[in-house]
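Hello,

Here is the structure I said I would hand over. Please have a look, then read on for what was found in it.

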Amino acid sequence: MHKDETEGQIERLQQFFEIISKPARGKTCEAIQGIISEGEEIIEEFKDSVALDAGLISSAQAVEHYEISRYGTLKSWAAQLGYTDAVALFDANLQEELATDQKLTDLGEMSANPKGAKKKVA
Ligand SMILES: [Fe+2]
């Protein structure tokens with residue numbers, strides 16, 4: 001589901017570049033590459049453990065937290081620079097990332113860490 005949302009987020013980013021009349025272009029994010037590498041290490045280390053799902057969820061949440069940080073910053077910058085249409089675009093992406101993070105928290109507490117469901121973290 002979040003993969004489909006991400007496609008929509010890319011479309012919103014393309015709309016932003018249209019607003020500022022600049023060409024959209026991709027760039028490798030070293031921070032995300034590092035989180036992916038960390039996830040690969042978790043897979044290798046916990047591949048035979050019941051803790052694997054919890055570890056993978058933690059990696060997925062690290063990605064979401066990074067995205068939340070970036071969209072929050074972009075939303076603020078857009079507001080400060082007077083790009084009101086862009087504020088809505090970045091906020092839409094931000095809300096999807098926040099919702100995904102919450103779903104991952106719920107999944108981690110309810111499925112991957114059954115004992116965590118009994119001791120829900122406030
Ligand atoms: Fe995301």
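**The iron site**

The 4 donor atoms around the iron ion subtend angles of 62 to 176°, which makes their arrangement irregular. Donors here are N, O and S atoms within 2.8 Å of the metal (3.2 Å for Na, K and Ca); water is not among the atoms, so sites may look incomplete.

Please note that this is a predicted model: local features need pLDDT of at least 70, side-chain atom pairs count only at pLDDT 80 or more, and totals for chains, interfaces and linings use all residues. Residues are numbered from 1 along each chain as its sequence is written, and side-chain values use heavy atoms, with hydrogens and water left out.

Which residues hold the iron ion? H2 (NE2), E64 (OE), E67 (OE) and E97 (OE) coordinate the iron ion at 2.0 to 2.3 Å. Along the chain, these donors of the iron ion are spaced H-x61-E-x2-E-x29-E. E64 sits in helix α3 and E97 in helix α4, so the pair ties together parts that are 33 residues apart in sequence. E64 is buried, at 6% relative accessible area. E97 is buried too, at 0%. Buried means under 20% relative accessible area, exposed over 50%, and partly exposed in between (1.4 Å probe, protein chains only).

**The fold**

The protein chain has 5 helices and 0 strands. Helices (H or I, at least four residues) and strands (E, at least two) are DSSP runs, numbered from the N terminus. The C-alpha trace spans about 50 × 30 × 25 Å along its principal axes. Of the 122 residues in the protein chain, 28% are buried.

**The aromatic cluster**

F16, F17, Y83 and F90 form one aromatic cluster. Rings of Phe, Tyr and Trp (its six-membered ring) pair if their centres lie within 6.5 Å; planes under 30 degrees apart count as stacked, over 60 as edge-to-face and the rest as tilted. The count comes to 3 aromatic pairs. F16 and F17 have ring centres 5.7 Å apart and planes at 65°, so this pair is edge-to-face. F16 and F90 make a tilted pair, 5.0 Å centre to centre with 55° between the planes. F16 lies in helix α1 and F90 in helix α4 (residues 84–112), so the pair ties together parts that are 74 residues apart in sequence.

Buried or exposed? F16 is buried, at 16% relative accessible area. F90 is buried, at 3%. F17 is partly exposed, at 26%.

**The largest pocket**

The largest pocket holds about 1,000 Å³ of space. A pocket is an open set of points on a 1 Å grid over the protein atoms alone, where a 1.4 Å probe fits, with protein on both sides within 12 Å along at least five of seven lines; lining residues have an atom within 4 Å of a point. Its volume is the space filled by probe spheres set on the points, which are joined across faces, edges and corners. Among the 27 lining residues, L13, R25, K27, C29 and L74 are the closest to the centre of the pocket. Helix α3 gives the most to this lining, with 8 residues.

Best wishes

Key: Tetrahedral: all angles 85-135°; square planar, octahedral: opposite > 155°, others 65-115°.
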